[in-house]
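This report looks at how two chains meet and at selected side-chain pairings within them. Please read it beside the sequence and the structure shown here.

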Amino acid sequence: MSAVISEHDEHHDEHHDHGPEKGLLRWVITTNHKDIGTLYLFFALAMFFVGGAMAMVIRAELFEPGMQFVQPQFFNSMTTMHALVMVFGAVMPGFVGLANWMIPMMIGAPDMALPRMNNMSFWVLVAGVLLLASTLFMEGGAPAGGWTLYPPLVLQTGNALPFAIFSVHLLGISSIMGAINIIATIFNMRAPGMTLMKMPLFVWTWLITAFLLIAVMPVFAGAVTMLLTDKFFGTSFFDAAGGGDPVLYQHIFWFFGHPEVYIMILPTFGVASTIIPVFARKPLFGYSSMVYATAAIAFLSFIVWAHHMFTVGMPVAGELYFMYATMLIAIPTGVKVFNWTATMWKGAMTFETPMLFSIAFVVLFTIGGFTGLMMSIAPSDFQYHDTYFIVAHFHYTLVPASVFILMAAGYYWLPKWTGHMYNEKIGQLHFWLSVISVNILFFPQHFLGLAGMPRRIPDYAVQFADWNMISSIGGFIFGASQLLFLYIVIDTIRGGTGEKVTDEVWEDAHKHGLEWTLPSPPPYHTFTTPPNVIPTEHV
Amino acid sequence: MSSSDTYYIPHKATWPVMATFGLATLLAGFANYLNGSSIGSPMMIIGFTIFIIMLAGWFTLQATESETGLYNKQVGISFRMGMMWFIFSEIMFFAVFFGTLWYTRNLSVPWLGGEGIGAATKELLWPNFEAHWPTNGPGHLLDGKPTEHGEFEKMSAWGLPFLNTLLLLSSGVTVTWAHHGLLEKNRAQLIKGLAATVALGFLFVIFQAIEYHEAYSEMGLTLGTGIYGSTFFMLTGFHGFHVCVGAIILSVVLFRTTKGHFSPENHFAFEAAAWYWHFVDVVWLGLFIFVYIL
């Protein structure tokens, strides 16, 4: 991508000669992008296990028909909280953590553009998630109306309602501050010679994701604010008796919600586009088309929201418009899948753990994409709506896509972050257990959905028993396998295999990004003098 | 001024954690208050106090660093980008409520009256309801409660609201005049312009308070007056809150001006405040047209 001549990496002038604070306080008051990236990543990992534990409760209850372990109300709290924790606590912070660590190093910047705000956006995230978690212990239980918080159902929530709403506000503030920081960093902090079309694709996807975040998080904040006033201040935004409309909430929510799902997938695309070329030992195929496809997907995400609501009784013209607009998304997404495949074509491929996860992502994300295409067809969606088919669909686009790529990113950059090599054998074991169990977990849910099993129910007809049991078994194996990842992360930080990694870690990685020109682990401050980026051409 | 190799990176920030603590306490307190818990109000007061102290402390720090010349041109660009994208997020926040107004006026209220896909809805729910605007809905909501024939008055555009439009438009002129004073090193003009802007801003808020008082006491128009009351007070209320915030920001800038801060080259705080003020101004024009006139 670009070559670098710089002898200044370790240069410190007087002004920058600050090491990290001693003790735990370092992590509370830090403004360092690497520290904050680490905080985000550990927080995301912790929330991945919290949300995962909730998923285990769900799968345990669904292991057999009949009521087994939990009350229906608590079951619905679990589905709601699992979604909110995974979306806002695990996947989004995971990618923000990667952005914090990698974007300054990838564009040759000394730090993020607004370091104090960077610290605040992390701690506000923690506050938001704590507020959300506190609802589990409240009178009336945690929110149980689904993560979409649809009125009028969600207005029946007990004491948890205002806490959940303010938690959304805090999470929104955190995301907006993080996104503003990322945009300012990318536009203002690039090293000389790092033109926009020379940026690594991870940086590009995050630039576009950050724009989506700033555009839609305030929309979600507005929607939940109206829930709050409807409940406590007598307004009738979502109450037909006053001239409002509960469907209006769904429109506003999905105007946020659809870009939101791309907020979780675009950085995924960026990491995949970073890893695949390294292990295929070829430049990324179609760099500029990747950039344009990302922008096209982001644009389309704003004009397709009502495909989540085909069954609410929209005018037919609306159904048709949203159906065709949604199908358009398959085109830029297809460009991306084609490009990843073409990158691997005739490449000298090796299959280290990051590459295995990335290849699994390409295949399994495509399955999720195809089921999405099935559901974009409005008359078909009437059959699939609110069944396990949609559950299978979005879990394919989130678990073996976003989560797998977060794992891949962990394996790919851990040696750079820590200076130690992870245990490749356990890594591969983790991969194979994950990729097999994730399919046992989610593939049968397609069949359940097509056979008519509704989502968000704690009990079901006996005809669904077999596939549910198989799905649960897959879920338990998948959940347990992730402990291997936790082990590997801790083991690598503590020294890993003992093998000292080189600066570029992966063969010829320096051709693929500035971060591989830095020492492993990189010093506390990097690029205090901007590197001189010599442009080379994209092939 | 200087090149990027002396980029200023602040270290060891304590204000952001305090901001988080204040904000979370304030919101958790508000949630407790809404649930009827007695610890709600004290928590809100504590959280709000912490938040205000944080604001004062953090902005004093930034102002001091700026005046001692720690920020180079690149840092200034980062700040400006931050402010621009923050205002963009605010625009999206207001867009939700404008969108709500559009949707209810043009779609959901006509559907309740039987138009388009609403024929069955009308027959089954409220066969006597005729769609019109403004409306408090088929349940004739007053104060959030259904009534038999609850009537209310529509807010007229040409009294106080029109006066407020003139006030805000003039304040846009005075803040630009002040900016020219700053650029031309005419400090008297800068101070006069800012003072006039702040005065016009607070006058706007006072007039709006009078308008709200009339609505509540004489017109039967409250937050609970169906969808018209909901959209009217939500839109104008959030806007009024932003005018207050903008006027307070401008007051701080005015205070710093009297302390001799800002130069023609280095005055990010002034620019940010002026941008914010213009944004508040433009939102008002949207409100005046879509909420009051149409």
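Which residue forms a salt bridge with Lys511(A)? The partner is Asp508(A), with the closest N and O atoms 3.5 Å apart, where a salt bridge is a side-chain nitrogen of Lys or Arg within 4 Å of a carboxyl oxygen of Asp or Glu.

## Basis of the model

This is a predicted model, in which local features need pLDDT of at least 70 and side-chain atom pairs count only at pLDDT 80 or more, while totals for chains, interfaces and linings use all residues. Residues are numbered from 1 along each chain as its sequence is written, chains are lettered from A and ligands numbered from 1 in the order in which they are written, and side-chain values use heavy atoms, with hydrogens and water left out.

## The interface of chain A and chain B

Chain A contributes 70 residues to the contact and chain B contributes 67 residues, contact meaning heavy atoms within 4.5 Å. The two chains bury about 5700 Å² between them, 74% of it on carbon and sulfur atoms; buried area is the accessible area (1.4 Å probe) that two parts lose on being put together, summed over both. On the side of chain A, Arg116(A), Phe166(A) and Asn188(A) lose the most area to chain B, together 13% of what that side buries.

Arg116(A) also takes part in a salt bridge with Glu65(B), the closest N and O atoms being 2.7 Å apart, and the count between the two chains is 1 salt bridge. Across the interface there are 13 residue pairs in polar contact, both residues at pLDDT 80 or more (a pair of N or O atoms within 3.5 Å; within protein, one must be able to donate a hydrogen and the other to accept it, and residues adjacent in sequence count only if both atoms are side-chain atoms). Among the helices of chain A, helix 6 gives the most to the side that touches chain B, with 13 residues, helices being DSSP runs (H or I, at least four residues) numbered from the N terminus.

## Salt bridges within the chains

Over all chains, a search of the whole structure finds 8 salt bridges. One of chain A joins the side chains of Asp386(A) and Arg455(A) at 3.5 Å, N to O, and this pair links distant parts of the chain, 69 residues apart, with Asp386(A) in the loop between helix 12 (378–384) and helix 13 (388–418) and Arg455(A) in the loop between helix 14 (424–450) and helix 15 (465–493). Asp386(A) is partly exposed because its relative accessible area is 36%, whereas Arg455(A) is buried at 16%; buried means under 20% relative accessible area, exposed over 50%, and partly exposed in between (1.4 Å probe, protein chains only). For the pair named at the outset, Lys511(A) is partly exposed at 45%, and Asp508(A) is partly exposed at 33%.

In chain B, the side chains of Arg80(B) and Glu271(B) meet in a salt bridge of 3.1 Å, N to O. Arg80(B) lies in helix 3 (residues 73–112) and Glu271(B) in helix 8, 191 residues apart, and Glu271(B) is buried, with a relative accessible area of 16%.

## Surroundings of Trp284(B)

Helix 8 (residues 268–293) of chain B also holds Trp284(B), which counts as buried because its relative accessibility is 0%. Leaving aside neighbours within four places in sequence, Trp284(B) is in contact with residues including Pro161(B), Leu168(B), Phe204(B) and Tyr292(B), and a polar contact of 3.0 Å joins its side chain to that of Thr165(B).

Key
Helices (H or I, at least four residues) and strands (E, at least two) are DSSP runs, numbered from the N terminus.
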